[in-house]
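The stops below are given in the order in which to select them.

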Amino acid sequence: MTELEKLRHSCAHVLAEAVLRIWPEAQFAAGPPVEQGFYYDVDLTHRISPEDFPKIEAEMAKIIAADQPFERSVVSRGEAIDLGKAGKLAALGERGVPSRYKLDILEGIPEGEEITLYRNGAFTDLCAGPHVATTGKIGAFALTAVASAYYKGDENNPQLQRIYGIAFPTKEELEHWRVMQEEARKRDHRKLGRELQLFHVDETVGAGLILWTPKGAIVRQELQNFISEELRRQGYEQVFTPHIGRLELYRTSGHYPYYSDSQYPPLVERETLHRLAGEGCTCADLAARLEKGEAEGYLLKPMNCPMHIKIFDSQPRSYRDLPVRLAEFGTVYRWEQSGELNGMTRVRGFTQDDAHLFVTDDQMAAEIQGCLDLVKKVFAAFNMTDYRVRLGLREPGSDKYVGKAADWDRAEAACRDAAKTLGVAYTEEPGEAAFYGPKIDFVVRDVIGREWQLGTVQVDFQLPERFDLHYTGPDNKPHRPVMIHRAPFGSMERFVGVLIEHFAGAFPLWLSPEQVRILPISDKFSAYAGEVSAALKAAGVRAAVDTSQDKLGAKIRLAQVEKVPYMVVVGGKEAESRQVSVRSRKAGDEGSKPLEDFVERIKQEISERLL
Ligand SMILES: [Zn+2]
Ligand SMILES: [Zn+2]
């Protein structure tokens with residue numbers, strides 16, 4: 001536990017103590033620190049709402065002012081059970097009813113593990129700790145939200161109320177956090193996505209399935225063009241594959257049935273369904289037969305890899321053909337729990353910036369390096385300079401990994417060497433590798449300090465085995481290629497979601513759905529406005545004329561709200577001299593310029609993808 005987590009978990013105890021002072025019957029379950037603060041789950045008939053927060057916070061402030069020491073004690077399992085039965089755990093003293101959740105948690109503690117209690121003031125809790133020395137160490141705190149949560153996340157268990165809070169060592173840090181929260185709300189891609197008409201989610205289409213509206217589609221297309229250009233330079237070949245594939249394919253790859261819980265259920269052919277129904281097959285039978293491979297069906301693809309493998313394997317390959325680099329903006333479908341869905345960043349259907357590289361052992365290091373060069377280039381193009389890299393390595397001494405130790409050594413060294421060249425912080429995380437190979441993850445920190453896990457580069461020794469891939473070596477013998485999976489930006493959905501927040505909706509010119517808006521001062525100048533628009537469009541610029549009857553001031557404000565990078569105002573003076581009066585989002589009023597010069601400049605800025 002970090003110092004901050006210790007502080008926050010201590011604040012959870014203070015929260016529980018305060019709630020008990022107000023509602024002595026409250027029963028507590030788990031109260032851990034989390035990424036954004038802490039929570040404590042409470043079972044209470046009274047429905048807690050944010051209106052209750054000031055009352056609870058006032059009690060918490062008293063407990064903190066009293067500077068109660070946290071006292072740790074070790075007890076035997078028997079003693080702990082007795083205390084639980086007397087209702088004395090997560091309580092202010094003896095109660096008529098047992099501390100039922102604490103008794104249940106106690107049962108889950110393995111035999112032989114030390115059982116500890118922490119007491120502050122009158123409040124005693126079953127807790128592994130650690131805690132800060134006294135409640136007074138909690139410098140500043142606030143309750144932030146209340147939500148419902150099933151005990152242990154299982155919907156068959158009782159529904160509890162989860163009270164969330166935040167805590168810091170100082171008031172200044174809490175204040176900074178509040179400002180950042182406000183900024184995050186302003187930048188929320190779900191809110192901006194709606195306001196700027198970038199994407200839509202419709203319950204009738206399905207939760208977690210993104211409809212890219214025309215403006216969002218432009219952003220995505222520009223992004224794909226940009227990435228594709230880089231991929232062509234790096235010698236990738238573009239492929240397209242279908243959205244469904246036979247279960248057989250995913251049985252070979254191992255994606256089915258092992259990951260069934262995170263997939264949409266299979267599609268079964270009509271004839272098979274009729275035949276099985278005629279045989280009196282139940283739904284449960286059908287599911288079992290599909291899993292055992294006794295009935296065939298199709299899967300909405302959860303991964304693109306098996307299809308790229310089939311493209312690689314569709315012709316004999318020689319060592320001279322390698323590396324083969326197959327790229328696809330490939331759409332995959334995964335069944336995320338509905339509670340996990342979030343705008344564009346947690347979805348059920350998404351298009352990965354996917355590619356698979358089939359390489360010889362000797363090529364592995366250079367190809368991993370190439371993947372990282374692309375990442376570096378793309379992040380730089382968005383001024384995302386604050387990112388870090390996580391290296392997922394083997395757990396020392398474990399034998400769960402496929403592939404030869406020597407291959408792993410080489411792959412891990414290649415990942416490490418490539419990561420070093422990025423010039424950003426990287427951490428080595430032993431035990432975080434997949435069982436089939438080491439990996440590199442990218443975590444971007446945005447302008448307001450939040451971290452976003454994007455994509456990954458993953459070495460794979462296993463799928464080439466499962467699909468029995470080979471190429472002919474210089475010795476004329478068959479050799480096994482190594483595969484590299486890479487989707488450095490994760491998915492187009494996630495990346496665009498992150499970009500919306502990163503730019504607060506104000507995309508750079510080249511990504512903007514509308515690049516220039518022409519504002520005629522009045523109807524009299526609509527002919528010249530049309531000419532300006534035609535000149536821009538002929539140069540490939542996305543331009544539109546504001547033809548409304550609004551006053552110029554209102555037109556300017558609307559274009560600002562819609563975050564259009566350039567406005568050009570046209571009136572009599574401009575029409576006569578074939579000029580435009582330019583206002584840019586960055587520099588404000590730039591004065592009048594000849595139309596041709598302006599068109600040239602915009603073209604230039606777009607082609608250079610200036611920020
Ligand atoms: Zn605790
Ligand atoms: Zn893959």
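This is a predicted model: local features need pLDDT of at least 70, side-chain atom pairs count only at pLDDT 80 or more; totals for chains, interfaces and linings use all residues.

Two residues are in contact here if their C-beta atoms, placed from the backbone, lie within 7 Å.

**Helices 12 and 13**

Select residues 364-381, helix 12, and residues 405-421, helix 13; their axes are 9 Å apart and pack at an angle of about 35°. The crossing of helix 12 past helix 13 is right-handed. To see the contact itself, show side chains for M364, A365, I368, Q369 and L372 of helix 12, which meet R410, A411, A414, C415, D417, A418 and T421 of helix 13. By class, the residues of this contact are 8 nonpolar, 2 polar and 2 charged.

**The whole chain**

Zoom out. The chain has 611 residues, of which 37% count as buried. Its C-alpha atoms fill a box of roughly 90 × 75 × 60 Å along the principal axes. The secondary structure amounts to 19 helices and 28 strands. Among contacts with a separation of 6 or more, 71% are between residues 24 or more positions apart.

Colour by domain next: domain 1 covers 3-184, domain 2 covers 211-243 + 303-502, domain 3 covers 249-300 and domain 4 covers 509-607. The centres of domain 1 and domain 2, taken over C-alpha atoms, are separated by 41 Å.

Select A61, which sits in helix 2 (residues 53-65). A61 is partly exposed because it has 14 C-beta neighbours inside 10 Å. Draw a distance from its C-alpha atom to that of T135: the separation is 9.6 Å, although 74 residues lie along the chain from A61 to T135.

Move to strand 5 (residues 115-120), which pairs with strand 6 in the antiparallel sense over 4 bridges. L117 has L126 of strand 6 as its bridge partner. The hairpin of these strands has 2 residues between them, and G121 takes a positive phi near 60° there.

Now show the side chains of strand 6 (residues 123-126). Which residues point one way and which the other? F123 and D125 point one way, T124 and L126 the other, and all are buried. In a regular strand the side chains alternate between the two faces of the sheet.

P130 lies in the loop between strand 6 and strand 7 (140-150).

Strand 12 is joined to strand 14 (residues 297-300) by 3 bridges, and I244 stands opposite L300.

Between helix 8 and strand 13 is the loop that holds P257. Y256 and P257 are joined by a cis peptide bond with omega about 0°.

Is helix 9 (residues 270-278) buried or in the open? Of its 9 residues the number buried is 0, so helix 9 lies largely in the open. G280, which follows helix 9, has a positive phi near 80°.

**Helix 11 and strand 15**

Helix 11 (residues 305-312) has 6 of its 8 residues buried, so it is largely enclosed by the rest of the structure. Show C305, P306, M307, H308, I309 and F312, the buried residues of helix 11. These pack against elements including strand 12, helix 8 (247-253), strand 15 and strand 16.

Go on to strand 15 (residues 324-333), where 8 of the 10 residues are buried. Strand 11 (residues 237-238) runs parallel to strand 15, joined by 2 bridges, and Q238 has A327 as its bridge partner. With strand 16 (residues 349-359), strand 15 pairs in the antiparallel sense over 10 bridges; there F329 is partnered by D353.

Most residues other than glycine have a negative phi, and most peptide bonds are trans. Select K563, where phi is near 55°, in the loop between helix 17 (552-561) and strand 26 (566-570). K563 is partly exposed, with 18 other C-beta atoms within 10 Å.

Finish at R578, where phi is near 50°. R578 lies in the loop between helix 18 (572-577) and strand 27 (579-584) and is partly exposed, with 13 other C-beta atoms within 10 Å.

Technical notes:
Residues are numbered from 1 along each chain as its sequence is written. Chains are lettered from A and ligands numbered from 1 in the order in which they are written. Domain bounds come from an automatic or database domain assignment. A residue is buried if 20 or more other C-beta atoms lie within 10 Å of its own, exposed if 12 or fewer, and partly exposed in between; C-beta atoms are placed from the backbone. Two strands pair if DSSP finds at least two bridges between them. Axes are lines fitted to C-alpha atoms, for helices over the stretch in contact, and angles run from 0 to 180 degrees between N-to-C directions. A crossing is left-handed if the near helix is turned anticlockwise from the far one by less than a right angle, and right-handed if clockwise. Ala, Val, Leu, Ile, Met, Phe, Trp, Tyr, Cys and Pro count as nonpolar, Asp, Glu, Lys and Arg as charged, and the others, Gly among them, as polar.
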